[in-house]
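Visitor: Hi, could you walk me through the side-chain packing and charge pairs in this one?
Guide: Happy to, let's take a look.

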Amino acid sequence: ALTELLRTENGHARVGNKGEAFSNYYGDVIGSVASLGDPDALDALLGAMSTGRMATRGLAQIGSIALPHLIDSAGASDPYLRLVATGAIGEMAAGRTRRRLATADLEKVRRVLLARLVDDDRFVRAEAIRGLGPFQDTGVRSAMKQVALRDPYSETRSGRRIYPIRERAEAFLRQPTLPSVTR
């Protein structure tokens, strides 16, 4: 019944700004359905994916059934959709979901996260770095070295230029090398 309610409310949410009360209610419905980890809720959670991380965390909980949809969304033209999909994929890799992924699915996750390291959006790149934490193979470490050397995004803080994405990649490389989840 909750899943069907979310399907219905996804349609209402697309119609326009319904106000704060509806937003709070809709968020509660998404959170409730996401907490179920029910594969039958796949399409309802996909319909709410652009609303934020509650829906994508629910998709991550579903596991391998949701993976192809998350992979497609990680390559979408909308940078926010890429961001939340990349985050959910990273959660799957880290094993923070109810359903563990098979080795073949983990390899797909690895490839998608590596591809997002060169995303146009800096937030997506940062999320990919976080998601790659469980992968310690030489290919990932080599790609991370390139990010640490060449990521173009910079900020000025206290009058000096810093490179936050490079810093995240450097922090990744300083971590002790552990057995990779796919090897």
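Visitor: Which residue lies over the face of Tyr-163?
Guide: That's Arg-166, at 4.1 Å from the ring centre. The rule for a charge over a ring is NZ of Lys or CZ of Arg within 6 Å of the ring centre and within 35 degrees of the ring normal. Before we go on: this is a predicted model, where local features need pLDDT of at least 70, side-chain atom pairs count only at pLDDT 80 or more, and totals for chains, interfaces and linings use all residues. Residues are numbered from 1 along each chain as its sequence is written, and side-chain values use heavy atoms, with hydrogens and water left out.

Visitor: OK, the core. Which residues touch the most other members of the largest nonpolar core?
Guide: Leu-6, Leu-45, Leu-70 and Met-144, out of 48 residues. Such a core joins buried Ala, Val, Leu, Ile, Met, Phe, Trp, Tyr and Cys residues through side-chain atoms within 4.5 Å; buried is under 20% relative accessible area, exposed over 50%, and partly exposed in between, with a 1.4 Å probe and protein chains only. Helix α6 (residues 79-94) gives this core its largest share, seven residues.

Visitor: What is Met-144 in contact with, leaving aside neighbours within four places in sequence?
Guide: Leu-117, Ile-129, Leu-132, Ala-169, Phe-172 and Leu-173, where contact means heavy atoms within 4.5 Å.

Visitor: And what do the buried residues of α10 pack against?
Guide: They pack against α8 (122-131), α9 (138-150), β1 (155-157) and β2 (160-162). The buried set in α10 (residues 164-174) is Pro-164, Ile-165, Ala-169, Phe-172 and Leu-173. Helices (H or I, at least four residues) and strands (E, at least two) are DSSP runs, numbered from the N terminus.

Visitor: Switching to charges: how many salt bridges?
Guide: The count is 13, using a Lys or Arg side-chain nitrogen within 4 Å of an Asp or Glu carboxyl oxygen. One of them joins Asp-119 to Arg-82 at 2.8 Å, N to O. That pair links distant parts of the chain, 37 residues apart: Asp-119 is in the loop between α7 (103-116) and α8, Arg-82 in helix α6.

Visitor: Are those two buried or exposed?
Guide: Both Asp-119 and Arg-82 are buried.

Visitor: What about Glu-127, which residue does it bridge to?
Guide: Arg-130, with the closest N and O atoms 2.4 Å apart. Glu-127 counts as buried because its relative accessibility is 10%, whereas Arg-130, at 37%, counts as partly exposed.
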